[in-house]
Amino acid sequence: TAISVAGWRVARIDFGFAHHSNGREEGESRSWNRFFLDLRADRGPWWTSIRPWWRIPESVFKANSRSKDDNSDIGTFYGYGEWRVGHVASGGTSATAMLRLNPSSSKGAIQFDLSTPTSFNPSLRWYLQGFGGYGDSLADYNRLIRRVSVGLMFSDWY
């Protein structure tokens, strides 16, 4: 039985563990581990997702090590979760917005995505993305980035 709140149908509730690493050695290493909860709801052509997370300190994995907690400030830039909202139009065009924010540091990110089917293959889509903020890539998690990207994708995200 589906749960509905104010016309929004809870489509999915996920809980999990995520590891994110750039695979580099000391000094250039960027990694973090976190537990997350992902709650997604749908209402017609609209959907929304709220995904809070908790960063696991590296000391949990390095119990016998005196090494410091690499990238301990990553939460300052990535925040403690993200909110996404999207819309799928009848012609197959999809638009999505993402917001991440750490209220105590006023750092985070905003991203907009737009994809639409090409006229020559229904599985191939044009893609446009705008990003502003921190955490665009793990290597530059603490650098402010502003960019616009254009490309092709082989399927839609949702």
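I take buried to mean under 20% relative accessible area, exposed over 50%, and partly exposed in between, with a 1.4 Å probe and protein chains only. Phe35 has a relative accessible area of 35%, so I note this residue as partly exposed.

The model is predicted, so I keep these cut-offs in my notes: local features need pLDDT of at least 70, side-chain atom pairs count only at pLDDT 80 or more, and totals for chains, interfaces and linings use all residues. Residues are numbered from 1 along each chain as its sequence is written, and side-chain values use heavy atoms, leaving out hydrogens and water.

Next I looked up ring pairs. I pair rings of Phe, Tyr and Trp (its six-membered ring) if their centres lie within 6.5 Å; planes under 30 degrees apart are stacked, over 60 edge-to-face, the rest tilted. By this rule I get eight aromatic pairs.

One of them is Trp32 with Tyr78, a tilted pair at 4.9 Å centre to centre, with 40° between the planes. Trp32 is in strand β3 (residues 31–43) and Tyr78 in helix α1 (residues 74–78), 46 residues apart. Helices (H or I, at least four residues) and strands (E, at least two) are DSSP runs, numbered from the N terminus. I find both Trp32 and Tyr78 buried.

Then I checked Phe35 and Trp54: they are stacked, 6.4 Å centre to centre and 5° between the planes. Trp54 sits in strand β4 (residues 46–56), 19 residues from Phe35 in strand β3. Ring pairs also link these two with Phe15 and Phe17 into a cluster.

Last, Arg34. Its charged end sits over the ring of Trp32, 4.1 Å from the centre (the rule: NZ of Lys or CZ of Arg within 6 Å of the ring centre and within 35 degrees of the ring normal). Arg34 also lies over the face of Trp53, 5.0 Å from the ring centre.
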